[in-house]
Amino acid sequence: MRNEEAPSGRFVERFAAELAEAGMQRMASRVFAALLASESGSLTSAELSERLRISPAAVSGAVRYLNQVGMVSREREPGSRRDRYVLHNELWYETFTRRDQVLTRWETVLRDGAETLGTDSAAGARVAETADFFAFLQKEMRGLLDRWQEHRAATAREGD
């Protein structure tokens, strides 16, 4: 590892550990953090293997997971048979927007569950309160994401 890569490597391992602690698969966390820390936001399987000192099979499994959850995509290098793994441009915005869709589905199921259990029962009331929490969270998340887009646009204009 070259000296200028050492701080990047420390960051990658530290952030990957935090992601893994939060529930993401360990190898997927490392691959994601390496992509995030790369200058271009994209790396080949060979580059990931070398940077992280892991097997191509480990890279493949991690990328498969990251692709399934919509955090990276696979692109073919022009004139080559090699794939590059690329972070999405608005990764966090897209991730939380998809989370919003999950919250909608959960809220629907919870409302149905509250009716099934009976809102006059302790279980039904608990489930109804959980549905109310998800509805609140969803409303706040939409506002938060809108404010993020406004903030991002304003800071981009300031940089011009």
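Which residues form one aromatic cluster? Trp106, Phe133 and Phe134 do. The model is predicted, so local features need pLDDT of at least 70 and side-chain atom pairs count only at pLDDT 80 or more, while totals for chains, interfaces and linings use all residues. Residues are numbered from 1 along each chain as its sequence is written, and side-chain values use heavy atoms, with hydrogens and water left out.

A pair of aromatic rings is described by the distance of the centres and the angle of the planes. Here rings of Phe, Tyr and Trp (its six-membered ring) pair if their centres lie within 6.5 Å; planes under 30 degrees apart count as stacked, over 60 as edge-to-face and the rest as tilted. The count by this rule is three aromatic pairs. The ring centres of Phe11 and Phe15 are 5.7 Å apart and their planes are at 10 degrees, so this pair is stacked.

Both Phe11 and Phe15 belong to helix α1 (residues 6–21), where they are four residues apart, about one turn of the helix. Helices (H or I, at least four residues) and strands (E, at least two) are DSSP runs, numbered from the N terminus. Phe11 has a relative accessible area of 37% and is partly exposed; Phe15, at 23%, is also partly exposed. Buried means under 20% relative accessible area, exposed over 50%, and partly exposed in between (1.4 Å probe, protein chains only).

Helix α2 (residues 26–37) has 12 residues and spans 17 Å from its first C-alpha to its last, close to the 16 Å expected (1.5 Å times one less than its number of residues). Buried residues in α2 include Ala28, Val31, Phe32 and Leu35.
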